[in-house]
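Please read it alongside the sequence and the model.

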2 protein chains.
Amino acid sequence: MTQTSLPRVLVLDDEPLPDLSPLSGRAEVLHSDGGSLPSLLPEADVLLVWNFTTDAVKDAWAGKGPRPGWVHTASAGVDRLLPELADSDVVITNARGVFDQPIAEYVAGLVIAMAKDFRGTWEFQRGHQWRHRETMRVGGTRAVVVGSGGIGRAIGRTLKALGVSVDLVGRRQRDGDEEFGTVWGSDALDGLLPEADWVVCAAPLTPATDGMFHRASFERMKQDAHFINIGRGRHVVTEDLVRALTEGRLRGAALDVLGEEPPAADSPVWDAPGLVLSPHMSGDTIGWRGDLATQFLANFDRWAAGEPLLNVVDKQLGYVPAGG
Amino acid sequence: MTQTSLPRVLVLDDEPLPDLSPLSGRAEVLHSDGGSLPSLLPEADVLLVWNFTTDAVKDAWAGKGPRPGWVHTASAGVDRLLPELADSDVVITNARGVFDQPIAEYVAGLVIAMAKDFRGTWEFQRGHQWRHRETMRVGGTRAVVVGSGGIGRAIGRTLKALGVSVDLVGRRQRDGDEEFGTVWGSDALDGLLPEADWVVCAAPLTPATDGMFHRASFERMKQDAHFINIGRGRHVVTEDLVRALTEGRLRGAALDVLGEEPPAADSPVWDAPGLVLSPHMSGDTIGWRGDLATQFLANFDRWAAGEPLLNVVDKQLGYVPAGG
């Protein structure tokens, strides 16, 4: 068997590179930093979007020549690929599952940290001040989790384990969910917001969810509620959130994602009152890149054997539908 | 009925005072700031230790005259009463239950906050730095929770819900626990410490547990383990913990309680590396004082009716035994 008979796997690189040594002898691995995508895409049978933080694939896709039949992105969100890849025959798969539990833990931690004002306590410690306060009990509060995929469900499950009552919101209402009873449709969100102590965005970024949290959403929320976004920055109209916090119409917020990452040096998000920023790391636990590579390799085995792939994205919806 | 026929409830005061208005017409309520305890104790049928942060009761108990038959302390720990009250016939009850869920949430929050390095993230935000890091996954880690009373059990239950495997340690080993399988005896602790990612102290302070976490304990723990104390400050030899942290033999620690509260201005605990201090507030959620008063009043109803009291402390053990 000569090397040219091997399928070609093109990797859109990011440091650290994935360990693809299990492909040795089974595939020819090509690398691109993005600039060479237009010339390499026609050569590739498979594209692994290892660097999922750029629009390089979107930008190169409309060029000349054949396209890989399978694109796998090492991310949960596929908003960097759509809609440009939606109209071709390409099969897109994603990293569904890898981030579920890490992000759920992260959100649960944020909820408790905000309820108990950990940041205030640490600031007092920094100033060598011993300042007892009464803080919020988490059990018995209510959360609205927007996004009913693996990540949203894991968040909901974890908050429920802390005694929080959880309303899960998906695209369309469905009843009889084993864990959550009714999963609400997006049209129910406005009615749920005034009841929530915690509003968590874990939705995929699609045209329907772009900018969905804006001034009116924050006005519907309780004054002592908290907002958390671990989805995509563009879910939130950031200036509206900053204004709500600054005017005291919302108690606090945590953003792990922003429309602009990192934010500009003079962005108001750095110092908005009650706003906790983290640098897009909620799902990135030690070993996560290994998990992402392992997940791709397992799907490669299925692809090479002609079996159906796992985590196939519905390119119209913009995410992997339940059971998909 | 004249007022002198009413039972006398003496309250060791603390601000804010409890709402004891339901006792109106049923008891005569006396107040003491501590200094008048020696003269008022002989008059009282019931002592409510509302200020549970002093040794005033211990100090006054040996004086002259009769003593109240029932002492209720609005705290979980009774170390401020023992051993001085152990040899009389007095019945001691405590606030068992009120703090279980609040403290469990607090500890779960500390675990996640330390795993995800929230404090580091907030310090980067304060410096307007966007610094992505990989952090620890909580699910799949191991915790040892020392203390098998209501608080320790609630902590263990909550950590288990986060996917942490939990070893609960009590005084004596007992098998077949419905939630934890085997509850280990204190003699098993040394063997468990090297396996733990998290060691949580939720024990009552008794002669057997005084100073139980010391240099050798911290040396047995893994270098990347974390220690949390929400019990009593005296459970920990603080200088040994500070030394372990300073020498990098332990990743981090959180102390909600200290032997000296607040710590001296020049105490090394303020700035020890990886040490999170909080001012004895882990159980004090909004409304806690109302819950404590309600709990006392419910027990007063039983006392007035001649029924057995709830939460009766075993004065030899120093806590309310399981099922007590």
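The domain bounds used here come from an automatic or database domain assignment. On that basis, chain A is divided into domain 1 (8-98 + 287-304) and domain 2 (100-277). The model is a predicted one, and the values below are computed from it.

**Symmetry of the two chains**

- Chain A is superposed on chain B by a rotation of 180° with 0.0 Å of shift along its axis, and the RMSD is 0.0 Å; the two copies are thus related as by a two-fold rotation axis.
- Within chain A, the C-alpha nearest to that axis belongs to Gly109(A), which lies 2.6 Å from it.
- Both copies use the same surface, since 98% of the contact residues of chain A recur in chain B.

**Interface between chain A and chain B**

- The contact draws 54 residues from chain A and 53 residues from chain B, and the two chains bury about 5000 Å² between them, with 63% of this area on carbon and sulfur atoms.
- On the side of chain A, Trp122(A), Gln125(A) and Trp130(A) supply 18% of the area buried against chain B, more than any other three residues.
- Gln125(A) is found in helix H4 (residues 118-126) of chain A, and, leaving aside its neighbours within four places in sequence, Gln125(A) is in contact with Arg119(B), Val269(B), Trp270(B), Leu275(B), Val276(B) and Leu277(B).
- Gln125(A) has a relative accessible area of 3% and therefore counts as buried, the limit for that class being under 20%.
- Four salt bridges are counted between chain A and chain B; separately, Glu105(A) forms a salt bridge with Lys116(B), in which the closest N and O atoms are 2.8 Å apart.

**Contact between the domains of chain A**

- The centres of domain 1 of chain A and domain 2 of chain A, taken over C-alpha atoms, are separated by 31 Å, and five residues from domain 1 of chain A meet five residues from domain 2 of chain A in the contact.
- About 430 Å² is buried between domain 1 of chain A and domain 2 of chain A, and carbon and sulfur atoms give 44% of that area.
- Of the area that domain 1 of chain A buries against domain 2 of chain A, 70% is supplied by Asp79(A), Gly97(A) and Val98(A), more than any other three residues.
- One salt bridge is counted between domain 1 of chain A and domain 2 of chain A; Asp79(A) forms a salt bridge with Arg232(A), with the closest N and O atoms 2.9 Å apart.

**Nonpolar core**

- In soluble globular proteins, nonpolar side chains tend to be buried together.
- The largest nonpolar core here has 158 residues, among which Ile155(A), Leu159(A), Phe296(A), Ile155(B), Leu159(B) and Phe296(B) touch the most other members.
- Not counting residues up to four places away in sequence, Leu159(B) touches Ala108(B), Val111(B), Ala143(B), Val145(B), Val164(B) and Val166(B).

**Salt bridges within the chains**

- Over all chains, the structure holds 40 salt bridges.
- The side chains of Arg133(A) and Asp117(A) meet in a salt bridge at 3.0 Å, N to O; Arg133(A) is in the loop between H4 and strand E6 (142-146) of chain A, whereas Asp117(A) is in the loop between helix H3 (100-115) and H4 of chain A, and the pair links distant parts of the chain, 16 residues apart.
- In this pair, Arg133(A) is buried with a relative accessible area of 16%, while Asp117(A), at 32% relative accessibility, counts as partly exposed.
- The side chains of Arg157(B) and Glu179(B) meet in a salt bridge at 2.6 Å, N to O; because Arg157(B) lies in helix H5 (residues 150-161) of chain B and Glu179(B) in the loop between strand E8 (174-177) and strand E9 (181-183) of chain B, the pair ties together parts that are 22 residues apart in sequence.
- Arg157(B) counts as partly exposed at 38% relative accessibility, and Glu179(B) counts as partly exposed at 28%.
- In chain A, Arg153(A), Arg157(A), Asp177(A) and Glu179(A) are linked in a network of salt bridges.

Notes:
Residues numbered from 1 in each chain as written. Chains lettered and ligands numbered in written order. Predicted model: local features only at pLDDT ≥ 70, side-chain atom pairs only at ≥ 80, totals over all residues. Heavy atoms only, no water. Helix = DSSP H or I, 4+ residues; strand = E, 2+ residues; numbered from the N terminus. Buried < 20%, exposed > 50% of the residue type's maximum accessible area, 1.4 Å probe, protein only. Contact = heavy atoms within 4.5 Å. Core = buried A, V, L, I, M, F, W, Y, C linked by side-chain atoms within 4.5 Å. Least-squares fit on C-alpha atoms with pLDDT ≥ 70 in both. Buried area = accessible area lost by both parts, 1.4 Å probe.
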